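Q: I'm new to this one. Could you take a close look at how a pair of helices pass each other, and then show me what else stands out?

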Amino acid sequence: MWNANMTAAWLAGFTVCFSLIISIGAQNLYVLRQAVKGQHVRACVAWCVISDAVLIGLGVAGMASLLARHPDWAWWLGMGGVLFLLGYGLFALWRMVTAPDAQVVADGGQVASRGLLGVISTLAVITLLNPHVYLDTVLLVGSIGARQEGHLKWLFVLGAACASLAWFGLLSFAAQRMRSLFARPAAWRVLDGLTGVMMLTLAWWVWQGL
């Protein structure tokens, strides 16, 4: 039977995850881009929710403490993240300069449509090669969830998954309402520029912490 402790565990997972996930990062920007283009939005949201739940579940199950006992693993993870963020940021800036017309045209049509596998593969790379995903989900949220008693750990994970679903659902809904704004090439250039600067800043921040 559902009780106050179960509600508290679910709410803790929801609150902690939602407070972290709303920060603008590579994953959020990619989902925003796909939602504006109207390409495989539900699949992107599903991937984000499932990957968050799995990573937080791994943290709750002991991955957080395992990484803490093996700092060399964390170093290699961080180094891979630096290279990924650097490449992603430079590519976004290159796209801003050389491909300002992006994917959406003024009449609302699409210049090109990517397949589901290509979209999800790119999102998987963005998710799994970004060190902040592991820092937030596995280490931070996972370690908090691991403090819950018994089966309450998994209600914490459920709450976190609900927060992920709520956020990415809202993000995709809002982005689809912004299609008229992104009908202008300048808006895509601004988005790519923001993405590039943010990714290069994160790469520098991660490098400083290694």
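Predicted model: local features only at pLDDT ≥ 70, side-chain atom pairs only at ≥ 80, totals over all residues.

A: Helix α1 passes helix α7 in a right-handed crossing, meaning the near helix is turned clockwise from the far one by less than a right angle. Helices here are DSSP runs (H or I, at least four residues), numbered from the N terminus. The axes of α1 (residues 4-21) and α7 (residues 152-176) come within 7 Å and cross at roughly 40 degrees; axes are lines fitted to C-alpha atoms over the stretch in contact, with angles running from 0 to 180 degrees between N-to-C directions.

Residues are numbered from 1 along each chain as its sequence is written, and side-chain values use heavy atoms, leaving out hydrogens and water.

Next, the charged pair. The structure holds 1 salt bridge, that is, a side-chain nitrogen of Lys or Arg within 4 Å of a carboxyl oxygen of Asp or Glu. Here the side chains of D192 and R33 meet at 2.3 Å, N to O. D192 sits in helix α8 (residues 185-209) and R33 in helix α2 (residues 26-37), so the pair links distant parts of the chain, 159 residues apart. D192 has a relative accessible area of 1% and R33 has 9%, so both count as buried (under 20%, with a 1.4 Å probe and protein chains only).

How values were computed:
Helix = DSSP H or I, 4+ residues; strand = E, 2+ residues; numbered from the N terminus. Buried < 20%, exposed > 50% of the residue type's maximum accessible area, 1.4 Å probe, protein only.
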